[in-house]
Amino acid sequence: MKQKYYITTPIYYPSANFHIGHCYTTIIADAIARYKRMKGFDVCFQTGTDEHGQKIENKAKEAGVSPKEYVDEIVQNAKDLWKSLQISYDKFIRTTDEFHEKAVQKIFLKLYEQGDIYKGEYKGLYCTPCESFWTETQLIDGKCPDCGRDVHEIKEEAYFLKLSKYQDRLVDYIESHPEFIQPESRKKEMINNFIRPGLEDLCVSRTSFSWGIPVSFDPKHVVYVWLDALTNYITSLGYLSDNDEEFQKYWPADLHLVGKEIVRFHTIVWPIVLMALNLPLPKQVFGHGWLVIDGGKISKSLGNYKDPREYIEEYGVDAVRYFVLREVSFGNDGTFSIDALISRTNADLANTLGNLVNRTISMAHKYFSGTIVNKNQQELIDKELLQMITSLSLTVDEKMNHLRVSEALEEIFEVLKRSNKYIDETTPWILAKDDSKKDRLETILYTLLESIRVCATLLEPFIPSTSKEIFKQLNVEEHQDTFLANVTYIVQEPKVLFARIEKK
Ligand code: MSP
């Protein structure tokens, strides 16, 4: 039986203005999901949209439509964006899906009945025009940070989740499961800055707006949006529904991939909810850094970005995917710029990969009319490259198992670079002049084709369209990520994979 692998992205706030930073989590999750599928895992890759809350309610009001009409329209935008990035999700959950709403109500009731949720009073500073609660420290000059108007203290009846009860258990768990929060720096931050100073019980219902899932036994309350959102990871699998087969199969998640600013919700609130439900915790929460522009977060209000589809149209989907996956060392912030995207595409995709494929296939045509078999005339000079090809799959696996996506790509490109150097070292154009060297020449081209085939196989999770095109040109169907001694290549006409881009 195949080993299961359940990977999730956060569910996105539906928006008409996604930027490249939003694509970051999802592109990485997609590369990991594709990689695991390639390695034979039974993968469930989930993403979706987080559609409740006051902000959405306000936006719908501004647009003069109901919240549901509003989200229905923009959810399509997320799906279109994922399609243009070739995101291979298996499940797309919307928090407005009926099965989700029902399961959230059941979870809330269960926690209430067992005493982990209780009714209390929420005290806060309230801005009436914005319908928002603020804490003292969030105020700017004592006024609402959003609109600058006066706030006043308000008391509201609300339900609370007993985070405090689980504090010690949570710390024990985190400390005894070193892989649970990654990277290490985020773990320290969570324990020292948030958990150890003491967890306060969390307000998990609101009465100040109505666009949310009503608490079944007290419907003037709606469920707090983070509780609603986090539970998506289990409701989508049928938890507490008539059919929980998928839940039994896929839970616990192998990886929740999230941006660094929401690690807190995923490593404090979510595990406590799961502990209270007596369910196992996800195996890992990985908090990645942000894509930034000129040191600052990409943001709508700064107007420092374009719709990612514009980049895809201009540079191609794989150039965008490759840039995001390669440029940022995982866990840290990385900088997005068109200049850097062009440089990466030219250096790696056009020069290293594109040239190697083009030169090799052209030589196969020129010297052997396109048909190449292994003539087994290896020489000492082939040794290093052959070793690199043979060990590549293991090296990449080791990197991917630690989510070092950028480094995995770097390893593959080392082999591609070494292959280009091998052409310069073995000088096929000189051998071609000597009839007695024909078998040696064919062996060299065979080695190069094998290098390309192995690299293209391992590149498939990252830049799937390019790999597909390479397989087409190599005219091979079976993809194995190791050197094979007896493939018969009848290669197709070479086509340029990536044209060099001129900087404007
Ligand atoms: N709805 C919540 C998540 C609930 S999960 C139970 C949310 N949504 S979001 O749309 O604001 O963000 C979705 C993901 O995009 C998050 O992982 C967030 O970190 C990521 N990014 C948004 N801007 C980003 C960058 N500039 N760079 C990298 N990732 C960033 O949070």
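# Close-up views of a predicted model

View 1. Strand 13, which covers residues 291–293, pairs with strand 15 in the parallel sense, and two bridges join them. As in every view described here, the coordinates come from a predicted model. Within this pairing, Leu 291 stands opposite Gly 334, a residue of strand 15. The open sheet to which these elements belong has three strands in the order 14-13-15, with mixed pairing. Its edges are formed by strand 14 (296–297) and strand 15 (334–335), each of which pairs on one side only. In general, the strands of a sheet pair through backbone hydrogen bonds, and the sense may be parallel or antiparallel.

**View 2. The aromatic pair of Tyr 5 and Phe 41.** A search of the whole structure finds 24 aromatic pairs, and one of them is shown here. The ring centres of Tyr 5 and Phe 41 lie 6.0 Å apart with the planes at 75°, so this pair is edge-to-face. Tyr 5 belongs to strand 1 (residues 4–8), whereas Phe 41 is found in the loop between helix 1 and strand 2 (42–49), and the pair thus links distant parts of the chain, 36 residues apart. Tyr 5 counts as buried because its relative accessibility is 9%, and Phe 41, with a relative accessible area of 18%, is buried as well.

**View 3. The aromatic pair of Tyr 446 and Tyr 489.** Here the ring centres of Tyr 446 and Tyr 489 are 5.9 Å apart and the planes stand at 65°, so the arrangement is edge-to-face. Because Tyr 446 lies in helix 17 (residues 438–459) and Tyr 489 in strand 17 (residues 489–490), the pair ties together parts that are 43 residues apart in sequence. Both Tyr 446 and Tyr 489 are buried.

**View 4. An aromatic cluster, and two charges over rings.** One aromatic cluster is formed by Tyr 6, Tyr 233, Tyr 239, Phe 247, Tyr 250, Trp 251 and Trp 270. Two further details concern a charged side chain and a ring. The charged end of Arg 206 sits over the ring of Tyr 122, at 5.4 Å from the ring centre, while the charged end of Lys 260 sits over the ring of Trp 290, at 4.7 Å from the centre of that ring.

**View 5. The largest cavity and its lining.** When the whole structure is searched, one cavity of 30 Å³ or more is found, and the space in the largest cavity amounts to about 40 Å³. Its lining consists of Tyr 24, Ile 28, Val 324, Leu 325, Val 328, Phe 330, Val 405 and Ser 406. At least two lining residues come from each of helix 1 (20–38), helix 12 (317–327) and helix 15 (405–426). Sorted by class, the lining holds seven nonpolar residues and one polar residue, with no charged residues.

**View 6. The second largest pocket.** This pocket has a volume of about 530 Å³. It is lined by 24 residues, of which Gln 284, Met 400, Asn 401, His 402 and Leu 403 are the closest to its centre. Strand 1, helix 14 (383–401) and helix 15 are the elements that each give two or more residues to the lining, and helix 15 provides the largest share, three residues. In terms of class, the lining of the second largest pocket divides into nine nonpolar, eight polar and seven charged residues.

Note on methods
Residues numbered from 1 in each chain as written. Predicted model: local features only at pLDDT ≥ 70, side-chain atom pairs only at ≥ 80, totals over all residues. Heavy atoms only, no water. 1 Å grid on protein atoms, 1.4 Å probe; cavity = no way out; pocket = protein on both sides within 12 Å on 5 of 7 lines; lining within 4 Å. Points joined across faces, edges and corners; volume = space filled by probe spheres on them. Helix = DSSP H or I, 4+ residues; strand = E, 2+ residues; numbered from the N terminus. Nonpolar A, V, L, I, M, F, W, Y, C, P; charged D, E, K, R; others polar. Phe/Tyr/Trp six-rings, centres within 6.5 Å; stacked < 30°, edge-to-face > 60°. Buried < 20%, exposed > 50% of the residue type's maximum accessible area, 1.4 Å probe, protein only. Lys NZ or Arg CZ within 6 Å of the ring centre and 35° of its normal. Pairing = 2+ DSSP bridges.
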